[in-house]
Amino acid sequence: VYFNNHFYSSKPPLLPVMVAGVYRGVKRITGWNLLDHTREVTRLTLIIINVLPMIVALILLATMAERYATTNAAKIYTVIAASFATLLTTFLVTLNNHTVAAYGVVFALFATARILADGRRHGFYFALAGFFAAFTCTNELPAALFGLTVFGLLLGVSSRQTILFFIPAAILPLGAFFYTNYLATGGWKPFYAYYGSEIYRYTYEGVPSYWMEPKGIDRSVDSTWVYFLHCTIGHHGILSLSPIFLLTLFSWINVKR
């Protein structure tokens with residue numbers, strides 16, 4: 001996007017700021033810099049940002065499967081599916097916000113499950129759930145619904161603990177999100193909120209922006225149902241790319257029975 005005579009990524013700036021901090025630590029410890037040691041720095045940074053947290057997330061998923069699944073087959077299946085049946089593992093080799101949001105969901109679910117399923121009421125679990133539910137939202141804005149759902153569930157369980165621990169912990173990543181956005185852009189609204197405006201649709205040195213004439217799926221000229229088809233079973237559909245999620249539909253039916 002083009003704003004105040006500068007080009008910006010449309011992604012929220014919090015994650016890049018955090019990654020810059022990781023790079024600073026890598027540079028101080030190893031002496032490597034991004035220009036002269038590009039391969040080494042990028043790989044080490046991705047291990048810190050993507051791989052190690054995802055390993056922790058898979059361990060937590062295995063712990064939850066062991067604790068809550070009723071059969072050994074379900075336990076094994078859950079861990080194998082999480083490890084190999086989604087696109088998360090392929091995204092680990094790139095710097096992106098999606099993997100960060102994914103392990104944020106797992107961390108939040110772990111704490112939430114301990115509260116809801118195990119009856120734990122320690123403030124630590126409420127704070128953990130609040131922090132990572134909000135952190136997930138800062139990396140994947142549509143995940144705001146997930147954060148609100150977790151908040152609503154825990155509020156119903158213990159309003160006192162939710163107010164005392166969940167909300168203050170959630171304010172930390174949310175505050176950092178809006179603050180870094182303000183530092184980068186001079187405003188509080190994410191660039192996503194300006195889609196369709198002159199920030200996206202501009203001409204620079206006689207060259208129109210991509211968003212003046214978007215291509216492919218970005219054109220958004222399909223009807224709602226056609227777009228829904230593309231998002232589910234089309235070439236880029238979630239069920240086409242990760243067919244294991246088809247089993248989710250069957251699990252919903254089974255639960256209702």
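Analyst: We can start with contacts along the chain. In the protein chain, 60% of the contacts with a separation of 6 or more are between residues 24 or more positions apart. Note that this is a predicted model.

User: What makes up the protein chain in terms of helices and strands?

Analyst: The protein chain contains 11 helices and 4 strands. Its C-alpha trace spans about 65 × 50 × 40 Å along the principal axes.

User: How much of the surface do carbon and sulfur atoms supply?

Analyst: The protein chain exposes about 16000 Å², and carbon and sulfur atoms supply 68% of that area. Of the 257 residues, 33% count as buried.

User: Why is threonine 45 called buried?

Analyst: The cut-off for buried is under 20% relative accessible area. Threonine 45 has a relative accessible area of 8%, so threonine 45 is buried. This residue lies in helix α2. Leaving out residues up to four places away in sequence, threonine 45 touches Val19, Val22 and Val26.

User: Why does leucine 128 count as partly exposed?

Analyst: Partly exposed covers the range between under 20% for buried and over 50% for exposed. Leucine 128 has 21% relative accessibility, and therefore counts as partly exposed. Leucine 128 belongs to helix α6, which covers residues 123-139.

User: Which residues is leucine 128 in contact with, leaving aside neighbours within four places in sequence?

Analyst: Leucine 128 is in contact with Phe107 and Ala111. As for threonine 90, it is 38 residues from leucine 128 in sequence and 27 Å from it in space, C-alpha to C-alpha.

User: Now the helix pair. Why are α2 and α3 called roughly antiparallel?

Analyst: Angles over 145 degrees count as roughly antiparallel. The axes of helix α2 (residues 38-68) and helix α3 (residues 72-84) cross at roughly 160°. The two helices are therefore roughly antiparallel to each other. Their axes come within 9 Å, and α2 passes α3 in a right-handed crossing.

User: How do you know that α2 and α3 meet, and which residues are involved?

Analyst: Contact means heavy atoms within 4.5 Å. On the α2 side the residues are Leu58, Leu61, Ala62, Ala65 and Glu66, and they meet Lys75, Thr78, Val79, Ala82 and Ser83 in α3. The residues of this contact divide into 6 nonpolar, 2 polar and 2 charged.

Notes. Residues numbered from 1 in each chain as written. Predicted model: local features only at pLDDT ≥ 70, side-chain atom pairs only at ≥ 80, totals over all residues. Heavy atoms only, no water. Axes fitted to C-alpha atoms, helices over the stretch in contact; angles between N-to-C directions. Parallel < 35°, antiparallel > 145°, perpendicular 65-115°, else oblique. Left-handed = near helix turned anticlockwise from the far one by under 90°. Nonpolar A, V, L, I, M, F, W, Y, C, P; charged D, E, K, R; others polar. Buried < 20%, exposed > 50% of the residue type's maximum accessible area, 1.4 Å probe, protein only. Areas by Shrake-Rupley, 256 points an atom, 1.4 Å probe, with all protein chains shown as cover.
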